[in-house]
Amino acid sequence: MFKSINSNQGELITIYFEGKTLNVPKDYNVATALLWAGVCDFRETTLNNMKRGPYCMMGVCFDCLININGMDNQQSCTIQVSDGMKIKRQVINSSGKK
Amino acid sequence: MNSAKYDIIIIGAGPAGISAAVLADQHKASVLVLDENCAPGGQIYRAIEKNQKSDNEWLGQSYQDGLPLIEDFRRSRVNYQHSAKVWHLSGAKAVHYSVNGKSHSAKGGQILVATGAQERPFPVLGWTLNGVMSAGAAQILLKESGVVYEDAVFVGTGPLLYLIVHQYISAGIPIKAIIDTTPRGNYLRALRHSFGVLKNTKNIFQGWRWKWEIIKSGTLYISNISDVRINGSDSVASVEYCQRSKWKNLNCKQVFLHQGVTPELNTSLSAGCDKSWDARQACWTIDVDQYGQSSVDGISVAGDASSIAGGVAAAQRGSIAALNMLYNLELISRGDRKVLSKPFKKKLSKEMAVRPFIDSLFKPHVRYRTPQDNETIVCRCEEVTLAQIKESIGVGCKGPSQLKSFTRCGMGPCQGRLCGLSVTEILAKELEIREEQAGYYNARPPIKPVTLAELASLDET
C-alpha cells in the first residue's frame with residue numbers, strides 16, 4: 001500500500017470517496033490522495049470494463065480519470081483536493097450510458 | 001476576441017522554459033509563461049520549492065541544483081500562469097489555454113515550446129493492470145507528496161530508473177526487486193562512444209555511483225533477462241521474467257515501469273513543426289536549427305521537447321533559444337546573439353558529448369518498444385491490442401491515420417501520447433518500411449481534451 005514518509009502531513013481536509021469520508025493532506029492532488037488512502041481502482045474502461053487507476057501521474061496518460069463533484073472524466077492527478085470534494089469511481093451503467 | 005499580447009510566450013516551466021524566460025526578461029522582453037503544473041520546475045525540479053523547507057537530502061544534489069534557477073524565475077517580472085492547460089498553438093503564433101475551466105488567448109511575437117519529455121510507453125503484457133505505474137509516477141509521488149510504495153518491483157532501463165530506485169533506497173524504502181531490461185549488447189555498443197564520456201565524467205560517475213549503491217544495498221537485482229510480463233486479473237499479482245530461457249515468477253502488488261523518456265510531440269506537431277526519426281534514441285524529434293528555431297516561422301522548440309538531452313542541456317538550449325528570439329524581435333543585435341550564446345553553447349556541448357554513450361547504453365530493446373505478445377494492449381485508452389493492429393495492417397492499413405479509422409488506436413483522451421511511438425515502430429516492422437515512411441499521428445487542436453463550456457468561455461469582443 002502507498003504510504004507517506006513525511007513526519008508532518010500538514011493540514012488535513014475532508015473529501016468523500018464513494019460516500020466514505022477520507023481525511024487527506026490539503027496539498028495533495030486527487031490521485032495522490034486516493035492512492036494514499038488505499039484506493040487504486042479509479043474507473044472502469046468503456047470497452048471491456050477493465051479496472052484502471054493512475055499510470056503516469058503527470059497528466060499524460062488520462063488513466064486516472066474519475067468523477068469529481070458529479071463531473072466525469074476529471075484528470076485526478078492534475079486537480080488539487082478541496083474540502084468537501086465528492087469523488088466517485090467512474091463507471092458505465094447497465095444501459096451503456098455514463 | 002481579446003488576446004493579450006507578449007513579445008514571447010513560453011509553454012512549459014521546466015529548465016528550458018524558465019531559463020529562456022529569465023534571460024528574455026533581463027533583456028526587457030515581455031514574457032508569458034504557461035505551465036500545466038501548480039509550481040515551476042517541470043518534472044525534473046518538480047516541487048523543489050516545497051522540498052527546500054524539508055531535509056529530504058535523499059532527493060540528491062542534481063535535484064537541489066535546480067533551485068537557483070527557480071529563484072531567479074520567481075524574482076523576474078515574467079508573467080507566470082501556473083495550472084494552465086494549453087490546448088491550441090497555431091502557426092500564426094496564437095496560443096489558447098484554459099485555467100480552472102476558463103479559456104484565454106494570447107498572441108506572441110515569438111513562441112517557445114518547452115514542454116519537455118514524457119516517459120516512453122512500455123507495452124508489455126499486463127501493463128494496463130491496476131498497480132502498474134511508471135517509475136516517473138513513483139518519483140512524482142515521492143517528490144511532491146512523500147508518498148511511496150514498499151516492496152514494489154521496478155522494471156526497465158535508463159538513468160531515471162536508477163535515480164528513483166536510488167532515491168527510494170536512500171530514503172529507506174524497501175524494494176522487492178529491480179528487473180533491469182538493459183540489453184546486454186548495449187554495453188559494448190556504448191563503449192564505442194566512450195570518448196564523449198571523457199568530456200563529462202561527472203554525469204557518468206554519478207550514474208555508476210547510483211547503480212553501485214543500489215547493488216550494494218542488497219536489493220534483489222535481476223539482469224540479463226529476455227522478456228517480461230505482468231500477471232493479474234484486475235490488479236497486479238506477480239511479475240514474470242525470462243532469464244536464460246526460463247520463466248521465473250515474482251509475487252508483488254505494485255510494479256513501476258520505465259524505459260527512458262521521449263519528447264512531448266503534440267504541441268510542436270500541431271503547430272506544423274517538422275519532425276525526424278532519430279534511430280539512436282528510437283523516437284521522433286522536432287527539427288530545430290542551432291538556435292532552437294523550428295520549421296515554422298516564429299516558433300522555437302527547446303529542451304527535451306525537441307530531442308532528449310536532459311535538464312542541464314535543456315537550460316542551455318532554453319537560454320540559446322531566448323537569445324535568438326530576442327534577436328528576431330530586434331531587442332538584441334546579431335553580434336550580441338553570437339557573443340551571449342557562447343557560454344551556453346559551451347556548456348551544452350559538454351552535455352551533448354556524453355549523449356551518444358547514454359543513448360546507446362539505455363536504448364530499450366525493440367521487444368519492449370513493440371510488444372511481442374498479440375494480446376498486449378498498445379493503445380491504453382481505446383484498448384487496442386497488437387493483434388488488432390496486425391489484423392488492420394493485414395487488410396491494407398498503411399499508416400497511423402488509417403489505423404485510427406480501422407481500430408480507434410490513438411483516438412482516446414491521451415491523443416496517442418501512450419501509443420504513438422509503438423504504432424510507428426509496429427507499422428515499420430510489419431510493412432517492412434522505415435519509421436520515417438510509417439509516420440506518426442497528425443496532431444490537431446485541441447491538443448488537450450477541453451469541454452464545450454471551456455471553448456465557449458473564450459472572451460469575445
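Q: How many salt bridges does the rule find across the interface of chain B and chain A?
A: There are 4. The model is predicted, with local features needing pLDDT of at least 70 and side-chain atom pairs pLDDT 80 or more, while totals for chains, interfaces and linings use all residues. Residues are numbered from 1 along each chain as written, chains are lettered from A and ligands numbered from 1 in written order, and side-chain values use heavy atoms, without hydrogens and water.

Q: Why is the pair Lys51(A) and Asp234(B) called a salt bridge?
A: The term requires a side-chain nitrogen of Lys or Arg within 4 Å of a carboxyl oxygen of Asp or Glu. The closest N and O atoms of Lys51(A) and Asp234(B) are 3.4 Å apart, so the pair qualifies.

Q: What makes E1(A) and E9(B) paired strands?
A: Pairing takes at least two DSSP bridges between strands (E, DSSP runs of at least two residues, numbered from the N terminus). Strand E1 (residues 2–4) of chain A and E9(B) are joined by 3 bridges, therefore they pair; they run antiparallel. One of these bridges links Phe2(A) to Tyr149(B).

Q: How many residues of each chain take part in the contact?
A: With contact meaning heavy atoms within 4.5 Å, chain B gives 43 residues and chain A gives 34.

Q: What area do chain B and chain A bury between them?
A: About 3300 Å², 57% of it on carbon and sulfur atoms; this is the accessible area (1.4 Å probe) lost on putting the two together, summed over both. On the chain B side, Asn130(B), Arg380(B) and Glu383(B) lose the most area to chain A, together 19% of what that side buries.

How values were computed
Helices (H or I, at least four residues) and strands (E, at least two) are DSSP runs, numbered from the N terminus.
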